[in-house]
There are 4 protein chains.
Amino acid sequence: MINVAIVGFGYWGPNLVRNFSSIPDVQVKKVVDLREERLKVVAQNYPNTEVSTNIDDLWTDTSIDAVVIATPVFTHFPLAKKALLAGKHVLLEKPMTDTVDHALELIELSQKLGKVLMVDHTFLYTPAVQKMKDLITSGQVGKVKYFDSTRINLGLIQQDVNVLWDLAPHDISILDYLVNDEPVSVNATGVSHIHNGVENIAYLTVNYSSNILAHFNCSWSSPVKIRMMLVGGDEKMIVFNDMEPTEKIRVYDTAHSVSSDEDRRRVLVDYRVGDVYIPKLGSAEALSGMARDFIAAVTTGSTPIASWKSGLNTIRILEASQKSIKSGGVEIKIQNV
Amino acid sequence: MINVAIVGFGYWGPNLVRNFSSIPDVQVKKVVDLREERLKVVAQNYPNTEVSTNIDDLWTDTSIDAVVIATPVFTHFPLAKKALLAGKHVLLEKPMTDTVDHALELIELSQKLGKVLMVDHTFLYTPAVQKMKDLITSGQVGKVKYFDSTRINLGLIQQDVNVLWDLAPHDISILDYLVNDEPVSVNATGVSHIHNGVENIAYLTVNYSSNILAHFNCSWSSPVKIRMMLVGGDEKMIVFNDMEPTEKIRVYDTAHSVSSDEDRRRVLVDYRVGDVYIPKLGSAEALSGMARDFIAAVTTGSTPIASWKSGLNTIRILEASQKSIKSGGVEIKIQNV
Amino acid sequence: MINVAIVGFGYWGPNLVRNFSSIPDVQVKKVVDLREERLKVVAQNYPNTEVSTNIDDLWTDTSIDAVVIATPVFTHFPLAKKALLAGKHVLLEKPMTDTVDHALELIELSQKLGKVLMVDHTFLYTPAVQKMKDLITSGQVGKVKYFDSTRINLGLIQQDVNVLWDLAPHDISILDYLVNDEPVSVNATGVSHIHNGVENIAYLTVNYSSNILAHFNCSWSSPVKIRMMLVGGDEKMIVFNDMEPTEKIRVYDTAHSVSSDEDRRRVLVDYRVGDVYIPKLGSAEALSGMARDFIAAVTTGSTPIASWKSGLNTIRILEASQKSIKSGGVEIKIQNV
Amino acid sequence: MINVAIVGFGYWGPNLVRNFSSIPDVQVKKVVDLREERLKVVAQNYPNTEVSTNIDDLWTDTSIDAVVIATPVFTHFPLAKKALLAGKHVLLEKPMTDTVDHALELIELSQKLGKVLMVDHTFLYTPAVQKMKDLITSGQVGKVKYFDSTRINLGLIQQDVNVLWDLAPHDISILDYLVNDEPVSVNATGVSHIHNGVENIAYLTVNYSSNILAHFNCSWSSPVKIRMMLVGGDEKMIVFNDMEPTEKIRVYDTAHSVSSDEDRRRVLVDYRVGDVYIPKLGSAEALSGMARDFIAAVTTGSTPIASWKSGLNTIRILEASQKSIKSGGVEIKIQNV
């Protein structure tokens, strides 16, 4: 039996409790939150789960094997550090930490202590991303050449982090998962229409060592919700439209040759050049896959898909993007680790 | 009767001849092209139009009132200069010239000589752009805060200019038309997957004096054709999807307030916040409107929609974008004029 | 406090229990089902609800005020009759009964005994149907002239009823709700690709006294799910596409005049003639609205939207359609009541 | 050289002249129309084509090899008869004739005289229909089980024929081309919202000898244009959406098995069961293919795709549908021939 504690019972908390509870031989032993009224919700629905407003109880409770930290970003580092030092495995909500240095310190600590350190990049476990991974790994897509992501909607302005820290971790971690390539530098620009100066619209480009150009368009200010990702390869292009209820992944033939004037005219006029294929996706709940991957890492020592490496690579790009925005969009090298 | 000569009878030439020919009291007197086989096409379809491979005939032909220049970009300046000096009104294909200095020299010359100088930004005359202009001018959209354009498709690699010079003039001139604002600086990044180093994918952001952030995503390497523009205002957002056969313009309610937790949850889950309105657009051919606007400027001295100012503002941004790409995405101030 | 019993805990049962439980001053006192394993599910989730496999307990349990019958269609009549005779208010799942005569007998009984008799036409309580009702009642749509519904998908073959009895009640009851008109006759055709001869594809047209023509296309054999309804009026046409996640209702301008040849050409070429308006819909759960409407009828004597009249009109059309199919599509007069 | 005469220069006439003119060794020798102003249009654009208002000139002009008849339906029979008797090959616009008897008389005559008799079912030559034919012929679709077509839009009320005679020939001829099956009987219903009693909305079902059920939904009164066809087979379903600019044909996996309760739930919830494949279609102009097919039949004796058989089968169904509408939707046997 693995006993899990969950710290923070906000928007995402109920989903975490529900999914961890449904894994055989796993128990959600305790939920910690500063807000009494949130703990009442837990007590009502999960009578066997203890609740507490005092997080320090956790570190001394030796029955707890693993801690899931679902609190604001700036608290991730101190809480995860205490949890690791108390001998717990740690799962952090995204983004992993607020700085690369904090991420590195946690990684080093987890390795020294032999504890799992993982980040909840839930999207990596969606049937759509798994299908994209298959298409790329199997060679059907060919060599990936560019990546273009748009994630815009009417969001809630966050006081502490800008729109890139809020929305881009999803897309950056997906790209990191799909391609085995090293980010070299970033450029980012943004604008704030808010009093506190936090960017609500921002654009990020990432240059990779193999000449992939990745671009991320993030906004909290669009009344239309767009969740679209293009992955361009030599042979195929994948379009991932997450707003589509049933046709999230479309695969387009890319390969083409233009030899005559007639070809030229046709290419200019045509909407697309080849066949389209829309695979049927499974219906597994991503969060369930993530929770099980964490438990597997705890019990068998396996390397999870959303490993600390995935978390770290994401933070490296976000930290550099912030420097770039503050320096007027200048190219910022990614910190080597 | 206004006599028009057309220089260059490539992809766009037949459309120009057809549209100018259909204006009352306008005659396409001459077509000049270096390629004999292209002139044969003219002769076959327009028996009353003279053809020539020698452009210098034009300057001494006093029967020609106006010259339309539809040749490669780098020839725009020398040809337009000769035409103006020969006393002709000039219409240039987009982009206006290859440098801001060339544009400024032509503008000064045209003003000194009292001749029309105009740029064929055809898109400004489409029913969709006219409708957007109406929506903004009438105040329905409120204060414009951002602009986001995606223009990607499988394009033909051009040898002389990169993808921004090829595709972005459409979108930049539309934005320039829609808002009366001054561009201050740009950031641009791009990548070349081609041997000659010309960028086939590029991203451009433009900062305006009133804090509008404009973003342009241009690519020749997408097997899917996307032509989408978002114009975000205080009150409404316009989405212009040019691939839609009949619903090109959609207007979304923007205004919203989030006061409760329930509101918060709903905003996060909902796809949109308000009603959508899809106006019926007219079916006028844009190129016909452009041609008539040019002829009106020639005959009545009116200021055309696609004036030299529109052309110049576009070149100012393109020139700065090129500097930014070459300097690793650094912010480049727009040249004051 | 109103005590409700639910008979039948199959696919729909859990939704009924959840929604009735959440109404203030209403208690789901008992659930009856023949299958022990279904009752275990109730016991686990609703410890305060009694369970029983013996339906006859219900009739003598004077604490039960109202009975919800969610069993196969052919059992509706005998169970509802017993419930009414035992002094209970009755809510029947759709379709109300298997014959018009059975429906009439229940109605007469309920009126004699002063008990509520209502049918769960859940769709009438959806925000989309409510919006259509508003648009028609307010006069915006003008006089309704036709109604066309397509409800096809890959369904499960039912052994006892054909595809019209299974799927069309939704659409028939919506039409009955939207227009105050009397059905006069029906024609129906169908085909069975199944061994037992039950129609899996069927088409139904209903002629109304005011010259409305209504058409229903129902199929269990389409791998693509289509849920589309057109309501054509003098002034506007409504398209209700229930597969659209966020744009279920679209309102099209209808009014038009064709006077010139140019008009004629345009009408033939154009996709549509006027503006389109997509209202934002509320997000209320339809079943909750239905449950509250039943309880209001029980406690205040109000007439519910999904009254016995709605149920009866639906059965009248279904019964006639069956006769028409069996008679080779001949026109069958609707039984007067 | 084949000399062609075209009778009737209305909406479709210019397309016929243009396409026949562009075939090598074919000349449009003469155009006949009663309206002088229409003939002026011909003279202006085709100086080498003779024009006449007197159709009787045609029968004695021995230089004419073939006659294309594009006049109102009720004139098809007398004109085609005269043309055949004058020794001309004949191409008729759709629908072939106004009655089955007229069609049979023309067919007999053409066979006796050894002349081509063909009907312009242009749609059969579209890349979309050709692709559907390939998919069915190659066995990918499996055994076809149903066919469902919707062809509705805001049409011009025709004075002489109802909406089925106007719109359904497209779909009936497509179905006739796709499946080698014999229509057995029809049911049809319709409504007229027009003073002259001609049906503007009508529904037609056709029963085939192999148990295929075909259904046709035709309307002139929908402000939204829908052109959708479903072809359901054992293995695949084809959806042909002619309003889609670039994805006209979609192929859905059909085969499925439902064995568990979980399967059952999934089938009810899922939008579709398998992969979707969207083939890239060619861009050939259908009318050009039709014209060439007619000329090939004239010069080589080949059997065209849109043969008299295709025309006859369409009329047989239309004539029966009219009887059914007039008899209140009763099943009408198709006239054997």
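Here are some notes on this predicted model, meant for someone meeting the structure for the first time.

1. Ground rules. The model is predicted, so local features need pLDDT of at least 70 and side-chain atom pairs count only at pLDDT 80 or more, while totals for chains, interfaces and linings use all residues. Residues are numbered from 1 along each chain as its sequence is written, and chains are lettered from A and ligands numbered from 1 in the order in which they are written.

2. Two domains in chain A. Where the two domains of chain A touch, domain 1 puts in 10 residues and domain 2 puts in 14; contact here means C-beta atoms, placed from the backbone, within 7 Å. On the domain 1 side of chain A, the tally is 6 nonpolar, 3 polar and 1 charged. For that tally, Ala, Val, Leu, Ile, Met, Phe, Trp, Tyr, Cys and Pro are nonpolar, Asp, Glu, Lys and Arg are charged, and the others, Gly among them, are polar.

3. The sheet in chain D. Have a look at the open sheet of 6 strands in chain D, which runs in the order S3-S2-S1-S4-S5-S6 with parallel pairing. Strands and helices are DSSP runs numbered from the N terminus (strands: E, at least two residues; helices: H or I, at least four), and two strands pair if DSSP finds at least two bridges between them. Strand S3 (50-52) and strand S6 (117-120) of chain D sit at the edges, each pairing on one side only. On average, neighbouring strands are turned by 20 degrees against each other, direction ignored. Angles are taken between N-to-C directions and run from 0 to 180 degrees, with axes as lines fitted to C-alpha atoms, for helices over the stretch in contact.

4. Zooming in on that sheet. Strand S2 (residues 26-32) of chain D runs parallel to S3(D), and 3 bridges join the two. D:Val31 has D:Val51 in S3(D) as its bridge partner. Helix H10 (residues 308-326) of chain D packs on the sheet, touching strand S5 (89-93) and S6 of chain D, and its direction makes about 60 degrees with that of S6(D).

5. Where chains C and D meet. How many residues of chain C are in contact with chain D? There are 40, and they meet 40 residues of chain D. Elements giving two or more residues to the chain C side include strand S7 (144-154), strand S11 (221-233) and helix H8 (261-269) of chain C. S11(C) gives the most, with 7 residues. By type, the chain C side divides into 19 nonpolar, 15 polar and 6 charged residues.

6. One residue at the meeting place. Is D:Tyr203 buried or exposed? D:Tyr203 counts as buried because it has 28 C-beta neighbours inside 10 Å. The cut-offs are 20 or more other C-beta atoms within 10 Å for buried, 12 or fewer for exposed, and anything in between for partly exposed, with C-beta atoms placed from the backbone. D:Tyr203 is in strand S9 (residues 201-208) of chain D. Leaving out residues up to four places away in sequence, its contacts include C:Tyr203, C:Thr205 and C:His215 across in chain C, plus D:Asn217.

7. Most residues other than glycine have a negative phi, and most peptide bonds are trans. A cis bond joins B:Lys94 and B:Pro95, with omega about -10 degrees, and B:Pro95 is in the loop between strand S5 (89-93) and helix H5 (100-113) of chain B. The bond from C:Lys94 to C:Pro95 is cis too, omega near -10 degrees. A:Asn211 has a positive phi, near 80 degrees, and sits in the loop between strand S9 (201-208) and strand S10 (213-219) of chain A. With 14 C-beta neighbours inside 10 Å, A:Asn211 counts as partly exposed.
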